[in-house]
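This report is written for a reader who is meeting the structure for the first time. Please keep the sequence and the 3D view at hand while reading.

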Amino acid sequence: MIASPDRTPLPREFFDRPVLEVAPDLLGRILVRTGPDGPITLRLTEVEAYDGQNDPGSHAYRGRTPRNEVMFGPPGHVYVYFTYGMWFCMNLVCGPEGRSSAVLLRAGEIIDGAELARTRRLSARNDKELAKGPARLATALGVDRALNGTDACTSQETPLRILTGTPVPGDQVRNGPRTGVAGEGGVHPWRYWVADDPTVSPYRAHVPRKRRS
């Protein structure tokens, strides 16, 4: 008999660690999104670490800005950004306050609320694709900048909460280069995923965007 995932909130101390410790440890954890249309529960299967001002691939590499302010705040909070003029992506802040590191939530398995997620992800061919990629994950959960700064590790009812779930054993964790990141920031093997999980997004190297003539 398989034990049910632990639904106690992850403590803030979990996130108050170096980002390269937190990122692989997030695999198998449970994210609960509660909104006016109902709840969705997701099991994390793929994440990507960003190490602030030590990391050329991080939004905080050049310091604090209004856009990345949340990354410098307390650990365990949600950092949401808008990209390519059409997509939102969601991160969880970690490390001590002022450190500006975060983990991008890249993919997950929706274990409750798939009916609602399908209404937001009409192009998904099956439920394994509902949250297969960071923009798809945010879309399926109905995440936008209004949730930027949300405290995710609390026992109270908030729009986003991260629960203990069932951690993935170390021998089932894989890591490799980041997806779609250019330059020095793209070489770090700081993307982590659950081995052989069908909800994990495929690796894609960075392809420079062509300017219109």
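The sections below go through strands, a helix, a pocket and a few single residues.

## Basis of the report

The model is predicted, so that local features need pLDDT of at least 70 and side-chain atom pairs count only at pLDDT 80 or more, while totals for chains, interfaces and linings use all residues. Residues are numbered from 1 along each chain as its sequence is written, and side-chain values use heavy atoms, with hydrogens and water left out.

Helices (H or I, at least four residues) and strands (E, at least two) are DSSP runs, numbered from the N terminus. A residue is called buried under 20% relative accessible area, exposed over 50%, and partly exposed in between, using a 1.4 Å probe and protein chains only.

## Strand E3 and its partners

Strand E3 covers residues 38-50, and because 11 of its 13 residues are buried, the strand is largely enclosed by the rest of the structure. Strands are said to pair if DSSP finds at least two bridges between them. Strand E2 (residues 30-35) runs antiparallel to E3 and is joined to E3 by six bridges, and the two strands form a hairpin with two residues between them. Within this pairing, Arg 33 has Ile 40 in E3 as its bridge partner.

E3 is also joined to strand E6 (residues 101-112), in the antiparallel sense, by nine bridges, and there the bridge partner of Leu 44 is Gly 108 in E6. Three further bridges connect E3 with E9, again antiparallel, and in E9 it is Arg 191 that stands opposite Glu 48.

## Strand E7

Strand E7 (residues 160-165) is mostly covered, with six of its six residues buried. Strand E1 (residues 6-9) runs antiparallel to E7 and is joined to E7 by two bridges, with Pro 9 standing opposite Leu 163 in E7. E2 pairs with E7 as well, in the antiparallel sense and over four bridges, and in E7 the bridge partner of Arg 33 is Leu 160.

## Helix H4

Helix H4 spans residues 134-141, and it is largely enclosed by the rest of the structure because six of its eight residues are buried. These buried residues are Pro 134, Ala 135, Leu 137, Ala 138, Ala 140 and Leu 141. They pack against E2, E3, strand E5 (87-94), E6 and helix H3 (114-120), where contact means heavy atoms within 4.5 Å. Just after H4, Gly 142 takes a positive phi of about 70 degrees.

## The largest pocket

On a 1 Å grid over the protein atoms alone, a pocket is an open set of points where a 1.4 Å probe fits, with protein on both sides within 12 Å along at least five of seven lines, and lining residues have an atom within 4 Å of a point. The largest pocket holds about 1100 Å³ of space. Of the 40 residues that line the largest pocket, Tyr 84, Cys 89, Arg 106, Pro 134 and Thr 179 are the closest to its centre. The volume is the space filled by probe spheres set on the grid points, which are joined across faces, edges and corners.

E3, strand E4 (78-83), E5, E6 and H4 each supply at least two residues of this lining. By residue type, the lining divides into 17 nonpolar, 12 polar and 11 charged residues; Ala, Val, Leu, Ile, Met, Phe, Trp, Tyr, Cys and Pro count as nonpolar, Asp, Glu, Lys and Arg as charged, and the others, Gly among them, as polar.

## Single residues

Arg 191 lies in strand E9 (residues 191-194) and is buried, with a relative accessible area of 4%. The side chains of Arg 191 and Thr 179 are joined by a polar contact of 3.5 Å, a term for a pair of N or O atoms within 3.5 Å in which, within protein, one must be able to donate a hydrogen and the other to accept it, and residues adjacent in sequence count only if both atoms are side-chain atoms.

Ala 23, in helix H2 (residues 19-25), counts as buried because its relative accessibility is 0%, and Ala 23 touches residues including Val 47 and Tyr 192. His 77, in the loop between E3 and E4, is buried with a relative accessible area of 16%, and a polar atom of its side chain lies 3.0 Å from the backbone oxygen of Gly 149. Ala 182, in contrast, counts as partly exposed at 42% relative accessibility and has its place in the loop between strand E8 (173-176) and E9.

Terms used. Lists of a residue's contacts leave out its neighbours within four places in sequence.
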